[in-house]
Amino acid sequence: MYASREDIGYDFGDDSKVGSKPIKPNPNIDGGWAWMIVLSSFLVHILIMGSQMALGILNMEWLEEFNQSRGLTAWVSSLSMGITLIVGPFIGLFISMCGCRTTAIIGGILNALGWILSAYASNVHYLFLTFGVTAGIGSGMVYLPAVVMVGQYFQKRRALAQGLSTTGTGFGAFLMTALLKYLCTEFGWRNAMFIQGAISLNLCVCGALMRPLAPKDLREKYVVRSDSEENRAKALSHSTETIKSNGVLSEEPEKKEEAANEEVLGSVQHIETGGKSGSGRSLYGLRILKTVSQLTITVRKGFALWYSSYFGAASLFTNRVFVAFIIWALFAYSSFVIPFIHLPEIVKQYNLSRQDNVFPLTSIIAIVHIFGKVILGFISDLPCISTWNVFLMANFTLVTCILTLPLMQTYVGLAVVCALIGFSSGYFSLMPVVTEDLVGTKHLANAYGIIICANGISALFGPPFAGWIYDITQKYDFSFYIAGLLYMVGIIFLLIQPCIQKKQPREKSTEEAQV
């Protein structure tokens, strides 16, 4: 039901399919260290997404502490959630230059710093900067590499691996809700955030586990060129081929610049090895020049690859199916995060705090969310099941629950709806799979960065909008109705996807005939 990477042709080495041979499989693909990557991604989802799903506890503390409107206070949580996802495309640039491991470690430090600085907040606007921006950017720098690494290490059981790793969101929401409740009760919300910041330093350990695959292993899922000269050109100037295939720049200037850079590095190495009789100061200066030259090449290659993926003539945005997916993402995520932020307040209004203290509604969503991700991921891996159909059915179920939640005013009714929300939202584990099948593994980092960026925009405006509607109507009903209707608009764009996709093979064959 959805296009594969071969259909769309985003593997920029398509011309290499002729006269090629498969690469010997790496034992770490679909096994070995791949399961450590799943564990790392699982812990990242606990510490980042799980913590964000539990922010409703802190939201109530901030309302009491700073005595601001619900709409303004909700911006703290929504900034953290939104920025985590919005920075995705820019984190793709960091991944292209530094790799997933380095990016994740730096992000873990930033995230912990944001939590710790927020413990000293004197007003809501201070939290906007420390918790919303600082912790949000740090979370984004860890979250995207955690998703991308699972996609790189798995091929046959990709949906199941993503499902297992992303169950950390459900576990985290359940654990962090209980933890933050306990810490706020025993130590106050400020000390709770300080302790949470210390816990978040474990994200650096998760990043250290993200061992990068060798370039030849990354190409294992594809067919590579057998000609050694072409392989050398692809290894040394991958960004050159990408830009050429996109029609952004010609090949000759890039080849000249590549040769010039290699000449500079070669001359530096020659002087270092043959000029031992020279002064130590000169050798030190040459080493600096060599380091700067290598860094410049790395940055230019990473930026060229990142730029061509987003803005090239054959960029991701020329794929109409992917554009429809982006439009859906702009409306979908807010319907999921609004209950987590505002359900504690709704429970208080309905005088259901006693039952909710025994078993919080947000914990029900979190627990069932775990099973939803695993079950939907397992079903999608079955050969007779279409991942796209499973994805659509889960979306329909979720939007129905969002529209019916305001009608439930008893704990049992709310619990049933929350359980359905948790299970149907398990489709999040399918999003990387659907994205990778649309654009291919090579462009998963950039493409999924765009998708989570759209989700971030949705999360950024969703909770404040719901709080603003409450400030006007003194009810949350209209917040859920409007969010559900917007969500339905996004699903309609997904429904027209098969019609768009059917036109693509004919267009592709026409272009090949012209060539």
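Which helix does Ser51 lie in? Ser51 lies in helix α2, the stretch covering residues 34–53. We're looking at a predicted model here, with 24 helices and two strands in the protein. Of its 515 residues, 54% count as buried. Among contacts with a separation of 6 or more, 84% are between residues 24 or more positions apart.

- Ser51 is buried, because its relative accessibility is 2% and the cut-off for buried is under 20%.
- The side chain of Ser51 has a polar partner in the side chain of Gln196, with a polar contact of 3.2 Å between them.
- Setting aside neighbours within four places in sequence, Ser51 is in contact with Ile46, Trp115, Met176 and Gln196.
- Ile37 is also found in helix α2, and Ile37 counts as buried at 2% relative accessibility.
- What does Ile37 touch, not counting residues up to four places away in sequence? One set of partners is Met149, Val150 and Tyr153, and the other is Leu209, Met210 and Arg211.
- Ile37 and Gly207 sit 170 residues apart along the chain, yet their C-alpha atoms are separated by 9.5 Å.

- Thr130 belongs to helix α7, which takes in residues 124–153.
- Is Thr130 buried or exposed? Thr130 is buried, since its relative accessible area comes to 5%.
- Ser118 is the polar partner here: its side chain and that of Thr130 make a polar contact at 3.0 Å.
- Beyond its neighbours within four places in sequence, Thr130 is in contact with Gly114, Leu117, Ser118 and Ala135.
- Gln155 has its place in the loop between α7 and α8, the latter being residues 158–187.
- With a relative accessible area of 32%, Gln155 is partly exposed.
- Gln155 pairs up in space with Ile29: 126 residues separate the two in sequence, but C-alpha to C-alpha they are 7.2 Å apart.

**Helix α5 against helix α6**

- Helix α5 (residues 88–98) packs with helix α6 (residues 100–118) at an angle of about 125 degrees, and the axes are 7 Å apart.
- That angle is why α5 counts as oblique to α6.
- On the α5 side the contact uses Ile91, Phe94, Ile95 and Cys98, and on the α6 side they meet Cys100, Thr102 and Thr103.
- By class, the residues of this α5 and α6 contact are five nonpolar and two polar, with no charged ones.

**Helix α18 against helix α20**

- How do the axes of α18 and α20 cross? The axes of helix α18 (residues 361–381) and helix α20 (residues 411–424) cross at roughly 35 degrees and come within 6 Å.
- The crossing of these two, α18 and α20, is right-handed.
- Residues that α18 brings to the contact include Leu361, Ile364, Val368, Phe371 and Ile375, while those from α20 include Tyr411, Leu414, Cys418, Ile421 and Phe423.
- Glycine turns up on both sides as well, with Gly372 in α18 and Gly422 in α20.
- The contact of α18 with α20 has 14 nonpolar residues, four polar and no charged.

**Helix α8 against helix α21**

- The axes of α8 and helix α21 (residues 431–439) cross at roughly 145 degrees and come within 8 Å.
- Arg158, Ala159 and Gln162 are the α8 residues in this contact, and they meet Pro432, Val433, Glu436 and Asp437 in α21.

- Most residues other than glycine have a negative phi.
- Asn67 is not a glycine, but has a positive phi of about 55 degrees.
- Where is Asn67? Asn67 lies in the loop between α3 (55–66) and α4 (70–86), and at 67% relative accessibility Asn67 counts as exposed.
- Asn351 isn't a glycine either, and has a positive phi of about 60 degrees.
- The loop between α16 (320–349) and α17 (353–358) is the place of Asn351, and Asn351 counts as exposed with a relative accessibility of 67%.

Conventions
Residues are numbered from 1 along each chain as its sequence is written. This is a predicted model: local features need pLDDT of at least 70, side-chain atom pairs count only at pLDDT 80 or more; totals for chains, interfaces and linings use all residues. Side-chain values use heavy atoms; hydrogens and water are left out. Helices (H or I, at least four residues) and strands (E, at least two) are DSSP runs, numbered from the N terminus. Buried means under 20% relative accessible area, exposed over 50%, partly exposed in between (1.4 Å probe, protein chains only). A polar contact is a pair of N or O atoms within 3.5 Å; within protein, one must be able to donate a hydrogen and the other to accept it, and residues adjacent in sequence count only if both atoms are side-chain atoms. Contact means heavy atoms within 4.5 Å. Axes are lines fitted to C-alpha atoms, for helices over the stretch in contact, and angles run from 0 to 180 degrees between N-to-C directions. Angles under 35 degrees count as roughly parallel, over 145 as roughly antiparallel, 65 to 115 as roughly perpendicular and the rest as oblique. Ala, Val, Leu, Ile, Met, Phe, Trp, Tyr, Cys and Pro count as nonpolar, Asp, Glu, Lys and Arg as charged, and the others, Gly among them, as polar. A crossing is left-handed if the near helix is turned anticlockwise from the far one by less than a right angle, and right-handed if clockwise.
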